[in-house]
Each structure stands twice: as C-alpha cells, then as structure tokens.
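Please keep the sequence and the structure in view while reading.

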Amino acid sequence: MAFSSSSALSRISNLSRHFHSPNSKTSDDPQGAIDAPGGGLIKISSEVSAAISRGHPVVALESTIISHGMPYPQNLETAKEVEAIVRKNGAVPATVAILDGTPCVGLNEEELERLSILGNRVQKTARRDIAQVVASGGNGATTVSATMFFASKVGIPVFVTGGIGGVHRHGEQTMDISSDLTELGRTPVAVISAGIKSILDIPRTLEYLETQGVCVAAYRTNEFPAFFTETSGCKAPCRVDTPEEAAKLIANMNLELGSGILIAVPIPNEHSAFGSLIEKAIQTALQEAREKNIVGNAETPFLLKRVNELTGGASLASNIALVKNNALVGAKIAAALAKLRVE
C-alpha cells in the first residue's frame with residue numbers, strides 16, 4: 001500500500017504525542033487510550049485498561065483468525081463466543097488489531113463486526129508489517145507475533161490463539177520460518193495454543209524454539225500436540241497439569257530471561273477423530289500450493305482453506321473447537337497468575 005511521506009510523518013507525529021511507559025496510567029481519552037514507549041499510540045478499551053491497572057486477569061486474542069481464518073458471519077460468531085468463554089472463566093478478553101492506523105487492544109462489538117466483514121481485505125499483520133500499516137492509516141489483523149508485541153507493550157502476559165506458525169515443510173530449502181518463533185524468543189508473553197499447525201514441520205519447529213531459548217510445555221500430556229490431533233510423535237520438553245502450575249511457570253518470566261513461553265493444549269478428544277483424514281488433506285493441499293507457487297504469508301491461509309474444503313468442513317469445526325478450548329484454559333491460567341501475583 002502506497003502512502004505519501006508527508007501524511008505518514010504527520011500521522012507518526014500525532015501518534016508520538018501519546019507515548020509513555022506501559023506501567024503508567026492510561027490517558028483521559030474516554031475510549032481508553034494507553035501509551036507505550038518507543039513511538040506510537042496504542043488505544044486500549046476502558047474494560048481492558050481497568051483490568052490491567054487493577055491487576056485483574058486479561059487474555060490477549062489475535063485477530064487474523066477472525067479476518068483470514070473463517071468466513072463471515074461464522075468468524076464474528078466465533079470471536080464473540082471465544083470472548084464469552086474468557087469472561088466466563090474469570091478473565092477479560094483483549095482482541096488486538098490495527099484499525100485506521102491505530103493499534104487497538106480490546107475491541108468493541110462494532111469493531112469486531114467491522115473486522116469480520118472486511119475479512120481478508122484487512123492486511124495480515126506480523127511484527128514486520130506494523131510500521132507500514134500504522135504509517136499508512138491502514139487496517140491490520142494481527143498474527144501471533146504482532147499480537148505478542150502489543151500484549152507485551154501494554155502489560156498483558158497471557159495470549160490465547162489457535163496454533164502458532166513454525167518451520168514450513170521443506171523449510172530447509174525455502175528458509176520459510178514464521179516470525180512467531182523469533183517473537184517467542186524475544187517477547188516475554190505466554191502463548192496458549194493447540195501446539196504448532198500440523199501443516200508445518202513440527203520436529204524442526206521445536207528444534208528452532210529450543211535455539212531461541214523458548215520454554216515449551218504441554219498441558220496434561222507428555223507429548224507435544226499437533227493442532228488437529230492430540231499427538232505429534234514429539235515428546236514435550238516439560239509438562240504442566242493445572243492452571244496453577246502453568247501460572248508458576250509464567251511467573252518466572254520475572255527472571256527477565258527475555259523470552260516467551262509456549263503452553264500447548266491438546267485439542268479435545270472428541271474433535272481429534274478426524275486427524276488421519278485431515279493429514280491426508282494437508283498432503284494434497286501442500287502439493288497444490290507447490291504447483292501454484294503459493295508461498296510466504298499467503299501459504300497458511302491457502303492451506304487451511306483448502307484443507308477445510310477437502311475435509312468437508314471437518315477441519316474448520318476442529319479449529320473452532322480447539323480455539324474455544326484454548327480460551328477456556330488460557331483464561332484459567334490468567335486468573336491463576338493474577339492470584340499468584342497478589343499472593
């Protein structure tokens with residue numbers, strides 16, 4: 001997206017007036033603006049702002065799953081249901097997106113609907129894309145890396161998503177490695193996911209996370225989950241069995257290791273039965289992607305959409321189920337962490 005240098009400089013100048021430490025008080029903006037260090041406004045909803053300032057549990061949520069993960073109105077319904085699950089389990093949801101060039105933490109119903117209707121016309125935004133989307137006044141749906149970045153800026157330590165990116169299959173030839181992994185290596189946020197998307201190379205991704213110094217734990221299992229299925233054939237580096245144990249693990253980020261934590265939650269058993277069917281569809285979709293030369297950040301949305309078509313909707317139903325389960329577990333972990341910090 002092209003933009004004039006004068007308008008970009010004007011916009012950045014306007015945004016820079018609003019910056020201060022994430023530990024400082026929010027501004028008097030009735031919509032709930034908070035400022036972060038380094039140059040740019042982050043608008044935070046009043047509900048999320050109040051929860052952060054009082055030490056109440058907050059769970060960050062990404063927005064790419066809304067815009068690029070499923071069609072309208074199913075995406076909007078799922079987003080609302082996930083937020084409701086977070087609230088029901090004792091935490092405040094904070095969906096993250098960039099709207100009209102302003103990073104937003106905590107979306108209202110109108111903003112969620114707008115994002116859902118725009119769908120893939122919203123730019124898929126990883127860390128590398130943030131500056132461009134903000135400077136051009138554009139709309140951005142945040143991926144894992146961008147959501148982690150903003151969550152860390154405003155002081156949210158727990159983030160729930162479906163699955164993280166990773167090393168792509170044949171990554172040793174293409175060097176296609178998700179920025180989610182390097183973000184986990186440098187941003188102290190705990191990511192609750194159903195593991196690594198099974199369209200990727202899971203063993204190599206785990207090796208890369210080790211290189212990045214990322215603590216990886218599986219929830220109530222010894223085997224690392226594979227998104228659509230409970231097992232991947234890879235042993236998890238460590239295990240936690242309760243939200244309280246997970247909270248203690250996250251609390252150790254106070255050691256200032258500088259890296260995040262990945263807590264992998266297996267998909268509920270009743271939704272993992274289609275694992276072999278989905279794996280077969282993945283192989284077909286990967287072959288089609290290679291034939292059509294679909295690469296980079298366009299590959300994952302294509303693969304997920306194509307796998308859903310090949311499985312007659314089974315993969316999308318499983319995807320929604322695991323996101324809701326992650327939200328339940330993530331909210332309980334955030335609540336346990338808030339309680340631990342008070343104690």
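## A buried strand

In strand S4, the side chains of Val92, Ala94, Val96 and Ile98 point one way, those of Pro93, Thr95, Ala97 and Leu99 point the other way, and all are buried. Strands (E, at least two residues) and helices (H or I, at least four) are DSSP runs, numbered from the N terminus. Buried means under 20% relative accessible area, exposed means over 50%, and partly exposed is in between, for a 1.4 Å probe and protein chains only. In a regular strand the side chains alternate between the two faces of the sheet. Since 8 of the 8 residues of S4 (residues 92-99) are buried, the strand is largely enclosed by the rest of the structure.

The model is predicted, so local features need pLDDT of at least 70 and side-chain atom pairs count only at pLDDT 80 or more, while totals for chains, interfaces and linings use all residues. Residues are numbered from 1 along each chain as its sequence is written, and side-chain values use heavy atoms, with hydrogens and water left out.

## Partners of S4

Two strands pair if DSSP finds at least two bridges between them. Strand S3 (residues 58-61) runs parallel to S4 and is joined to it by 4 bridges; here Val59 has Pro93 as its bridge partner. S4 is also joined by 4 bridges to strand S5 (residues 102-105), in the antiparallel sense, with Ile98 opposite Pro103. The hairpin of S4 and S5 has 2 residues between the strands, and Asp100 takes a positive phi near 50 degrees.

Strand S7 (residues 140-142) pairs with S4 over 2 bridges, in the antiparallel sense. In this pairing Ala97 stands opposite Ala141.

Helix H7 (residues 144-154) is mostly covered, with 8 of its 11 residues buried. Among them are Val144, Met148, Phe150 and Val154. Gly155 follows H7 and has a positive phi, near 90 degrees.

Rings of Phe, Tyr and Trp (its six-membered ring) pair if their centres lie within 6.5 Å; planes under 30 degrees apart count as stacked, over 60 as edge-to-face and the rest as tilted. By this rule there are 2 aromatic pairs. Phe149 and Phe150 form an edge-to-face pair, 5.2 Å centre to centre with 75 degrees between the planes. Phe149 is partly exposed, at 21% relative accessible area, whereas Phe150 is buried, at 3%. The rings of Phe227 and Phe228 have centres 4.7 Å apart and planes at 70 degrees, so this pair is also edge-to-face. Phe227 is buried at 2%, and Phe228 is buried at 3%.

## Salt bridges

A salt bridge is a side-chain nitrogen of Lys or Arg within 4 Å of a carboxyl oxygen of Asp or Glu. The whole structure has 13 of them. In one, the side chains of Glu81 and Lys324 meet at 2.6 Å, N to O. Glu81 lies in helix H4 (residues 74-88) and Lys324 in helix H14 (residues 314-342), so the pair ties together parts 243 residues apart in sequence. Glu81 is partly exposed at 36%, as is Lys324 at 25%.

Another salt bridge joins Glu288 and Arg306, again at 2.6 Å, N to O. Glu288 is in helix H12 (residues 275-291) and Arg306 in helix H13 (residues 299-310), so this pair ties together parts 18 residues apart in sequence. Glu288 counts as buried at 16%, while Arg306 is partly exposed at 21%.

Leaving out residues up to four places away in sequence, Asp176 touches Gly166, Val167, His168, Gly171, Gly296 and Glu299, where contact means heavy atoms within 4.5 Å.

## The whole chain

The protein chain has 14 helices and 12 strands. Of its 343 residues, 54% count as buried.
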